[in-house]
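Hi,

Here is the structure I promised to pass on. Have a look at it first, and my notes follow below.

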Amino acid sequence: MAKVGIFFGTDTGNTRKIAKQIATQLGDAADKPVNISKASVDDLLAYDVLIVGSPTYGDGELPGLSAGHDNESWEEFLPKMIGADFSGKTVALFGLGDQEGYPDNFVDALGFIYDAFDEAGATIVGMTSSAGYTFNKSRALQGDEFVGLALDEDNQKDLSADRLSDWLETISPAWK
Ligand SMILES: Cc1cc2nc3c(=O)[nH]c(=O)nc-3n(C[C@H](O)[C@H](O)[C@H](O)COP(=O)(O)O)c2cc1C
């Protein structure tokens, strides 16, 4: 069976840590997580199932050079996806953010990444309820649901493990 590809952006390492936890939980089903700064669009297209993650920086921005980071990240990657064909690919998204510090832009990057994969024709799975989070606005919301898994390592770290394993359970039909 084809493996699941895991790609992440990060500045301070939280998203890498979650990506590694996902890889551990998937075991043989997943390849080692790859930083999006080192990936090409073809690297992603090599997989039929992808799990991709990103923190949000600035005031609701993607990680990357504009946010003052040393390395390129999703900011530089998403434009490369324009015109790419992800039809037939199943993609699940996770985003890290800080709902207390950035209540008007909570996990906005998840929304930008959703738009890029949606535009490229991917089948996106793994929407989650926004119940249990306190914020004003998020680009990652569709109705009452986030377009992926939202994790807040700044304020709700203790909830992340359960949120993550519940989410992986719901999306596991994609690779099982
Ligand atoms: C300068 C700065 C700006 C941030 N902006 C946002 C934001 O707009 N929205 C949000 O939800 N979180 C924001 N965050 C919180 C980060 O997304 C969060 O701390 C995340 O866990 C960092 O992930 P990383 O360690 O993978 O880089 C910001 C954090 C910093 C330091």
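This is a predicted model: local features need pLDDT of at least 70, side-chain atom pairs count only at pLDDT 80 or more; totals for chains, interfaces and linings use all residues.

The salt-bridge count comes to 3. Glu153 pairs with Lys17, with 2.6 Å between the closest N and O atoms. Since Glu153 belongs to the loop between β9 and α5 and Lys17 to helix α1, the pair ties together parts that are 136 residues apart in sequence. Glu153 counts as buried, with 10% relative accessibility, and Lys17 as partly exposed, with 31%. Glu153 also meets the side chain of Lys157 in a salt bridge (3.5 Å, N to O), which puts Lys17, Glu153 and Lys157 in one network.

Now for helix α5, residues 157-171. Its 15 residues should span 21 Å at 1.5 Å a residue, and the end C-alpha atoms are 22 Å apart, which agrees. Which residues of α5 are buried? They are Ser160, Arg163, Leu164, Trp167, Leu168 and Ile171. These buried residues pack against α1 (14-26), β3 (49-55), β4 (90-96), β5 (123-125), β6 (128-129) and β9 (149-151).

In soluble globular proteins, nonpolar side chains tend to be buried together. Here the largest nonpolar core has 34 residues, and Phe86, Leu93 and Phe117 have the most contacts inside it. Two or more residues each come from α2 (41-45), β3, α3 (74-77), β4 and α4 (108-119), with α4 giving the most, 6 residues. Apart from this core lies another, of 22 residues, including Val4, Ala30, Val49 and Leu164. As for Phe86, leaving aside neighbours within four places in sequence, its contacts include Val41, Leu44, Leu45, Leu50, Met81 and Phe117. Ala120, Gly121 and Ala122 are also in contact with Phe86.

Last, a sheet: 3 strands form an open one in the order β6-β8-β7, with antiparallel pairing. β6 and β7 (141-142) are the edge strands, each pairing on one side only. Between β6 and β8 (residues 145-146) there are 2 bridges, and Ser129 has Glu145 in β8 as its bridge partner.

Cheers

Methods:
Residues are numbered from 1 along each chain as its sequence is written. Side-chain values use heavy atoms; hydrogens and water are left out. Helices (H or I, at least four residues) and strands (E, at least two) are DSSP runs, numbered from the N terminus. The expected span of a helix is 1.5 Å times one less than its number of residues. Buried means under 20% relative accessible area, exposed over 50%, partly exposed in between (1.4 Å probe, protein chains only). Contact means heavy atoms within 4.5 Å. Two strands pair if DSSP finds at least two bridges between them. A nonpolar core is a set of buried Ala, Val, Leu, Ile, Met, Phe, Trp, Tyr and Cys residues joined through side-chain atoms within 4.5 Å. A salt bridge is a side-chain nitrogen of Lys or Arg within 4 Å of a carboxyl oxygen of Asp or Glu.
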